[in-house]
Amino acid sequence: MDERRRSRVAPMSDANRRRVELATVRLTDRGGCGVLVPGEFILTATHCIEWSGTGGMALGDVYLNAIKTPSGAKFRVGVAACDPVSDIAALGDLDNQEFYDDVEAFEQWREQVTPVPISTLHVKVGRRYPVFVYTHQREWIAGSVTRYG
């Protein structure tokens with residue numbers, strides 16, 4: 001992004017920046033990251049998770065994904081939903097009988113972290129809004145988004 005576009009983006013508050021950083025986890029198996037969103041899910045990219053597109057998830061197959069939080073806590077979560085076309089996935093709780101320790105660790109972490117909403121605005125058609133992306137390399141990218149249709 002060139003400097004002209006970067007300078008037109010409103011700054012992000014330090015409080016919001018810190019909230020996103022605390023809610024962002026590392027997916028240790030493939031090196032990606034995800035963020036805790038409302039609904040107690042970790043939103044990430046499908047290419048960053050372990051899963052199978054063969055339909056086994058609908059039949060009860062479990063795909064474990066190891067997580068490491070910024071504080072160093074480690075636990076596993078399961079795939080709640082994924083879409084390879086849009087490259088988006090939601091990770092969530094596992095069965096608490098079979099994976100009790102992972103479920104407890106995930107719950108404890110969620111209690112300490114504020115989920116990051118996808119959007120706090122009603123996005124009007126044709127209007128440009130500032131966006132900030134926290135990358136898998138722990139860097140911030142500023143940009144803008146415009147809703148069309």
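Let me begin with what I mean by a pocket: on a 1 Å grid over the protein atoms alone, it is an open set of points where a 1.4 Å probe fits, with protein on both sides within 12 Å along at least five of seven lines, and its lining residues have an atom within 4 Å of a point. A volume is the space filled by probe spheres set on the points, which are joined across faces, edges and corners.

What we have here is a predicted model, in which local features need pLDDT of at least 70 and side-chain atom pairs count only at pLDDT 80 or more, while totals for chains, interfaces and linings use all residues. Residues are numbered from 1 along each chain as its sequence is written, and side-chain values use heavy atoms, with hydrogens and water left out.

The largest pocket, then, has a volume of about 1200 Å³, and of the 38 residues that line it, Val116, Pro117, Ile118, Phe132 and Val133 lie nearest its centre.

Turning to helix 3, residues 100-112, a helix being a DSSP run of H or I with at least four residues, its buried residues (under 20% relative accessible area with a 1.4 Å probe, protein chains only) are Asp102, Val103, Phe106, Trp109 and Arg110.

Definitions and conventions: Helices (H or I, at least four residues) and strands (E, at least two) are DSSP runs, numbered from the N terminus. The expected span of a helix is 1.5 Å times one less than its number of residues. Buried means under 20% relative accessible area, exposed over 50%, partly exposed in between (1.4 Å probe, protein chains only).
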